[in-house]
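Please look at the sequence and the 3D structure first, and then read on.

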Amino acid sequence: MGRDHGFHPVRITRIIQETPDTRTYVLDAPFPYRAGQFVTIKACGTLRSYSMSSSPETDAELMTTVKRVPGGLVSNWMHDHLAPGDVVETTLPAGVFCLREGGEAREVAAPVVAFCGGSGITPILSLAKSALAGTGRPVRVLAADRDAGSVIFAAALGELAERYPDRFEVRHHLDDRLGFVTADQIREFAGGDADADFYLCGPAPFMELVENALLAHGVAPERIFVERFAQAADPPPADAPEQEGTVTLVLSGKRHTLAQRSGETFLESARRGGLAPPFSCEAGNCATCIAQVTEGEAKMRVNNALDEDEVAEGWVLTCQGEPTTPHVTVEYED
Ligand SMILES: Cc1cc2nc3c(=O)[nH]c(=O)nc-3n(C[C@H](O)[C@H](O)[C@H](O)COP(=O)(O)OP(=O)(O)OC[C@H]3O[C@@H](n4cnc5c(N)ncnc54)[C@H](O)[C@@H]3O)c2cc1C
Ligand code: FES
């Protein structure tokens, strides 16, 4: 395989309690990464992705910030069991929720305007630090939180505002005082910066509201960058037509053959067959769901993780891959 999609043991050097239910894990991980990317951690027999709150431009150490999700398996396990000195298994950083590089001078000078909710501040802080330290771009952040006690990185954001008074603005929106953010407030915060790049990360309904408000405000879709923490479960309808052919999934050395269903990814077929293969982002960004096509052919809807050589070798992101020939076999690595 071309790029390294495997897991690496990484030591936790420090843990910072950011709020009562949010901790930053400082990792002894000399990985190169870009602001806005994430690592995928293997824990509790499963996989979860966590964005970096650190910036390669300003922080010597790599940090991820994890908020407890009520009833959630991995976030609670990390809070309750991990201590400095412990080792966790992580992938190399991945993801495309990054600052645009290159392009015309006007483009790379465009403002960065971010809307985040709750733990969505994590990659936004990373992007803000990199944009401020590594470019001359103005940065504005609207951070929505339930109440003052749940604001993550209030101090770090305040320090950026002091350090870059002409280029950085943060607005804290507290639901307990102001109610939920409205479309009018989003339009007002976006202002006249039609050429800005807009970054969105937060709960799904929040991001939907912001995205729709920005589009209605005249922002071009290609200027809107979205990071989804919780993937919308979007299974194919139960009555999706079965079609000619089969899909065979080889997982832990066992073969499982199902009828093909139109519009179904390999990951969805596996779930329909009662299997539990690896996945994390379900957006084509992390390669956690990688497998190799060993019979037949497949295409991917989105591929932000595999290089050309890997695709030529038959590797496929199963969350994005679907069969294009009647009989396809896909083998997961053990
Ligand atoms: C690319 C990417 C980057 C991410 N970065 C971060 C990060 O920086 N910090 C962070 O804290 N989390 C981040 N997440 C979310 C994280 O991967 C987990 O989904 C989250 O910690 C919940 O996992 P869990 O095992 O604790 O809960 P689970 O056991 O998976 O879920 C328990 C319940 O909570 C729901 N749920 C799952 N995820 C969320 C969520 N994010 N918010 C609300 N409800 C949810 C589930 O539907 C389920 O009902 C990121 C996710 C992705 C895909
Ligand atoms: S689960 Fe991340 S690329 Fe498929």
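About 1300 Å² of area is buried between domain 1 and domain 2, and carbon and sulfur atoms give 58% of it. Buried area here is the accessible area (1.4 Å probe) that two parts lose on being put together, summed over both. T19, S53 and K67 supply 31% of the area that domain 1 buries against domain 2, more than any other three residues.

Before going further, some ground rules. This is a predicted model, in which local features need pLDDT of at least 70 and side-chain atom pairs count only at pLDDT 80 or more, while totals for chains, interfaces and linings use all residues. Residues are numbered from 1 along each chain as its sequence is written, chains are lettered from A and ligands numbered from 1 in the order in which they are written, and side-chain values use heavy atoms, with hydrogens and water left out.

**The domains**

The domain assignment gives domain 1 (8-90), domain 2 (105-227) and domain 3 (242-332); such bounds come from an automatic or database assignment. Taken over C-alpha atoms, the centres of domain 1 and domain 2 are 23 Å apart. In domain 1, 20 residues are in contact with 18 residues of domain 2, where contact means heavy atoms within 4.5 Å.

**Salt bridges**

How many salt bridges does a search of the whole structure find? The search finds 14, a salt bridge being a side-chain nitrogen of Lys or Arg within 4 Å of a carboxyl oxygen of Asp or Glu. Across the interface of domain 1 and domain 2, the rule finds 1. Here are two pairs from the structure:

| Salt bridge | Closest N and O atoms |
|---|---|
| K129 with D59 | 2.9 Å |
| R14 with E61 | 2.7 Å |

**Around ligand 1**

Which residues come nearest to ligand 1? Of the 19 residues around the ligand (a heavy atom within 4 Å), R48, S49, Y50, V74 and S75 come nearest. An oxygen atom of ligand 1 is 2.7 Å from an N or O atom in the side chain of R48. For the side chain of Y50, the distance from a ligand oxygen atom to an N or O atom is 2.7 Å.

How values were computed. A polar contact is a pair of N or O atoms within 3.5 Å; within protein, one must be able to donate a hydrogen and the other to accept it, and residues adjacent in sequence count only if both atoms are side-chain atoms.
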